[in-house]
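Here's a quick briefing on a single protein chain, written for someone who likes the cut-offs spelled out. Have a look at the model first, then read on.

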Amino acid sequence: MKGPISAIRLQHNLKPDRFMWLWMKYVTGVNDEKHCTNCLRGKYGKILSKHNTELEFTPMLTLNEQPLDSFSAIYICGVIKKCYPRSNYEHNLHTAIIPTAGRTDTFEFENWRLTVTNGLFEPIPSEVELPVSYRGLPPQFTTCRIFRWAVCSDLNRTNVSMET
């Protein structure tokens with residue numbers, strides 16, 4: 001985090017009823033022995049969640065459920081309903097927000113648009129961008145975008161050599 005941040009704000013056009021799962025997590029660390037949500041250490045948010053009945057009607061969110069100094073990133077995952085589970089993979093929403101004071105960034109994916117204030121979106125690495133030590137893992141790890149982001153993130157830099 002660079003400089004003091006008063007709040008991370010997220011503008012969105014998400015429609016919760018179009019997702020099987022929609023969640024965010026305040027990420028504090030990485031467990032590289034797990035994939036999917038279990039590789040991210042931290043608490044789930046309730047503000048950006050399929051279970052928040054007001055989400056669709058609240059296009060501006062303040063992501064303040066955890067103290068700003070208690071997490072390093074916010075991960076957002078949306079598993080789309082359409083064609084679930086056979087062919088929805090490429091349409092699932094995945095992004096990570098790195099808290100960054102004074103910065104605004106926009107992430108667009110298919111019909112979804114997210115704009116963060118006091119943060120930057122970090123791209124999800126491809127399978128070929130995985131550190132060498134992870135490339136031989138089973139597909140449930142290497143194809144998992146959550147896992148790929150987690151093990152390539154600065155949160156995991158001390159656990160692995162980033163040699164390609």
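Is asparagine 118 buried or exposed? Asparagine 118 is buried, with a relative accessible area of 11%; buried means under 20% relative accessible area, exposed means over 50%, and partly exposed is in between (1.4 Å probe, protein chains only).

Before the details, some ground rules. This is a predicted model, where local features need pLDDT of at least 70 and side-chain atom pairs count only at pLDDT 80 or more, while totals for chains, interfaces and linings use all residues. Residues are numbered from 1 along each chain as its sequence is written, and side-chain values use heavy atoms, with hydrogens and water left out.

**Overall layout**

- The protein chain has two helices and seven strands; helices (H or I, at least four residues) and strands (E, at least two) are DSSP runs, numbered from the N terminus.
- Reading from the N terminus, the order is β-β-β-β-β-β-β-α-α.
- The radius of gyration of the protein chain is 15 Å, which agrees with the value near 15 Å that a compact globule of 164 residues would have. That radius is taken over C-alpha atoms, and the globule rule is 2.2 Å times the number of residues to the power 0.38.
- Along its principal axes, the C-alpha trace spans about 45 × 45 × 25 Å.
- Of the contacts with a separation of 6 or more, 59% are between residues 24 or more positions apart; contact means heavy atoms within 4.5 Å.

**Surface and charge**

- Buried residues account for 45% of the 164 residues in the protein chain.
- The accessible surface comes to about 8900 Å², and 50% of that belongs to carbon and sulfur atoms. Areas come from the Shrake-Rupley method with a 1.4 Å probe, and for residues only the protein chains shown count as cover.
- There are 19 positive and 16 negative charges, and their mean positions are 4 Å apart. Lys and Arg count as positive and Asp and Glu as negative, with His and the chain ends not counted; each charge is placed at NZ of Lys, CZ of Arg, CG of Asp or CD of Glu.

**The enclosed helix, α2**

- Helix α2 (residues 145-152) is largely enclosed by the rest of the structure, because eight of its eight residues are buried.
- Those buried residues are Arg145, Ile146, Phe147, Arg148, Trp149, Ala150, Val151 and Cys152.
- They pack against β2 (19-30), β3 (40-44), β5, β6, β7 and α1 (139-142).

**Cysteines**

- The disulfide count is zero, where a disulfide is a pair of cysteine sulfur atoms within 2.5 Å.
- Cysteine 152 is buried at 10% relative accessibility. Its sulfur is 11 Å from the closest cysteine sulfur, in cysteine 39, so the gap is too far for a bond.
- Cysteine 83 is partly exposed at 42% relative accessibility. The closest cysteine sulfur to its own is in cysteine 77, 17 Å away, and that is too far for a bond as well.

- Cysteine 83 sits in the loop between β5 and β6 and has a positive phi of about 65° although it is not a glycine.
- Proline 85 is in the loop between β5 (73-80) and β6 (93-109), and the peptide bond from tyrosine 84 to proline 85 is cis, with omega near -5°.
- Asparagine 118, in strand β7 (residues 112-122), has phi near 70°, a positive value in a residue other than glycine.

- Glycine 78 is in strand β5 and is buried, with a relative accessible area of 0%.
- Leaving aside neighbours within four places in sequence, glycine 78 is in contact with Phe19, Trp21, Leu22, Asn92 and Leu93.
- Glycine 78 and methionine 24 are 54 residues apart in sequence and 8.8 Å apart in space, C-alpha to C-alpha.
- Lysine 81 lies in the loop between β5 and β6 and counts as partly exposed, at 38% relative accessibility.
- Not counting residues up to four places away in sequence, lysine 81 touches Asp17, Arg18, Phe19, Met20 and Lys50.
- For lysine 81 and methionine 20, the separation is 61 residues in sequence and 4.9 Å in space, C-alpha to C-alpha.
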